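Dear colleague,

I am handing over the structure we spoke about, and below it you will find notes on what turned up when I went through it. Please read them with the structure open beside you.

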Amino acid sequence: MLLSVPREILRTYSSTCVALKARRFSQFASRRSQTSGIFYISPCWLHSKRQVQRSHTRENVAAHADNSSSSLRSVYQNVKETLSRVTEKTEPISSVAELAVRYITVHSLTDFYIECPHGILFDACYVDSHPDGVFCADLKTVVILPGSPGSHLDVLPLMRPLAKAGHRVITVNFPGYSKTNPILATQDFLFRGATDEKSDFILNFLKELNIDRVDLMVGLGSGCYPALDLAASQTWIKSLALVCPRGHRVFRGITPYEQFERMARMYDNRMYRLLLILRLVVIKYIQRKWNMRHVPILHLMKYIVEVANYQFENMETNVFAVASRQLPVTYVYSGQDNAMETEISEELARLLNLKPEEFCRLDTNHNLIFPGKKKLFQGLFIEDGTHNPLETQEHCDVIALMLIDELKRTTKTSS
């Protein structure tokens, strides 16, 4: 099998998973049709051209390995100072980590589906700043869960400063959006993106990487649902950060919710799936109801099914469990989030026992405004922030410094 894989592919093999023949991997379908001379048609006829890239776009980022000398200055001393200037005042760079796309086989979702009781083998696409925990044995581990429809590209701006600060930062692409795929293409439509499915996938993914402690679990957008679910049940997660979380109840971005449920039922029926595609084409290009013009139709279908399986009924239990654990929570929400009402975001913050005086405000001039004299906060309100504040460099810098400061406090608490 190794002879069939390009040398530049970064793949981690697990001892618990038996490597299948290369012809079983869905990503190699195009290569097989070219080399064998036999015309090949994917069993999943609804798939658009796969966009998984195995050897492209490598970005190098410097990461500290030693934390023994001067530490990062507090985020509250000078917020406008860039992260590069802050890290220049720490120790010299002693090691380099590569934020490159890697792949690992993950066996997950056992006993979830009647059609596949033994689970699904995923070819999981992920990014790890310190693969296999190299460079330093006492690195703090940060796991970032991207939103949907999205990928690791959405969280790379946040990964870089955290890796520069000397932490191991990991993100993984959830199945369904052409990055992480089942090894058997016929199982592409089994994964529905429900919260419990995502949580089980993350648990098995971390198990394959031999990670038994997460110092900070970060959720972005809909990635906050599995982050909350895992933080509520797993004691090895030491702190939690929610960046623009989706609502604990139906919010304006998914209303009318009954429409998403009807389209999800159309998705389940192969006879109506083509009608669903035509309907999405009308909604996307003619009516332009959703601001997702850049999202492929297949990804849009996956997103609709995921929305219909948000499992709001479990949110109350998860939020109560996290609040009862007194888990350190960092909370960020935006004032210009076109998918989420500010009232619902503030309501979720109150359910997590976050008080209004623990929030600071980042105004349109990128100045931090504190509610009191104490410049220590657990929450951040970005006045002109969007549904993904990481797209704006100034917003991303402040969030990164907040998380770095939270990791320092978590370290002191655990010690």
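**Notes on the predicted model**

Just after helix α3, Gly-166 takes a positive phi of about 95 degrees. Please keep in mind throughout that this is a predicted model. Helix α3 itself spans residues 156-164, and its buried residues are Leu-156, Leu-158, Met-159, Pro-161, Leu-162 and Ala-163.

**Salt bridges**

A search of the whole structure finds nine salt bridges, and I describe some of them here.

Because Arg-192 lies in the loop between β8 (181-182) and α4 (195-208), while Asp-268 belongs to helix α6 (residues 257-268), the pair ties together parts that are 76 residues apart in sequence. Arg-192 is partly exposed, with a relative accessible area of 22%, and Asp-268 also counts as partly exposed, at 44% relative accessibility.

A further salt bridge joins Arg-213 to Asp-215, with 2.9 Å between the closest N and O atoms. Here Arg-213 is partly exposed, its relative accessible area being 30%, whereas Asp-215 has a relative accessible area of 4% and is therefore buried, since buried means under 20%.

In helix α11 (residues 393-414), Asp-405 and Arg-409 lie four residues apart, which is about one turn of the helix. In general, an α-helix has 3.6 residues a turn, so residues three or four places apart point the same way. Asp-405 and Arg-409 form a salt bridge in which the closest N and O atoms are 2.7 Å apart. Asp-405 is buried, with a relative accessible area of 9%, while Arg-409 is partly exposed at 22%. Salt bridges that share partners join Asp-405, Glu-406 and Arg-409 into one network.

**A pair of helices and the loop that follows**

How do the axes of helices α5 and α9 cross, and at roughly what angle? The axes of helix α5 (residues 224-233) and helix α9 (residues 312-325) come within 8 Å and cross at roughly 50 degrees, and the two helices are therefore oblique to each other. The reasoning rests on the cut-offs for such angles, because those under 35 degrees count as roughly parallel and those from 65 to 115 as roughly perpendicular. The crossing of α5 and α9 is left-handed.

Gln-326 is placed in the loop between α9 and β11 (329-334), and at 69% relative accessibility Gln-326 counts as exposed. Although Gln-326 and Ser-239 are separated by 87 residues in sequence, they are 9.5 Å apart in space, C-alpha to C-alpha.

**A nonpolar patch on the surface**

Which residues form the nonpolar patch on the surface? The patch consists of Met-271, Tyr-272, Leu-274, Leu-275 and Leu-278, which together have about 550 Å² of accessible area. Of these, Met-271 lies in helix α7 (residues 270-287), and Met-271 counts as exposed because its relative accessibility is 70%, the cut-off for exposed being over 50%.

Conventions. Residues numbered from 1 in each chain as written. Predicted model: local features only at pLDDT ≥ 70, side-chain atom pairs only at ≥ 80, totals over all residues. Heavy atoms only, no water. Patch = residues over 30% accessible without salt bridge, like charges linked within 9 Å, V, L, I, M, F, W, Y side chains within 5 Å. Areas by Shrake-Rupley, 256 points an atom, 1.4 Å probe, with all protein chains shown as cover. Salt bridge = Lys/Arg side-chain N within 4 Å of Asp/Glu carboxyl O. Buried < 20%, exposed > 50% of the residue type's maximum accessible area, 1.4 Å probe, protein only. Axes fitted to C-alpha atoms, helices over the stretch in contact; angles between N-to-C directions. Parallel < 35°, antiparallel > 145°, perpendicular 65-115°, else oblique. Left-handed = near helix turned anticlockwise from the far one by under 90°.
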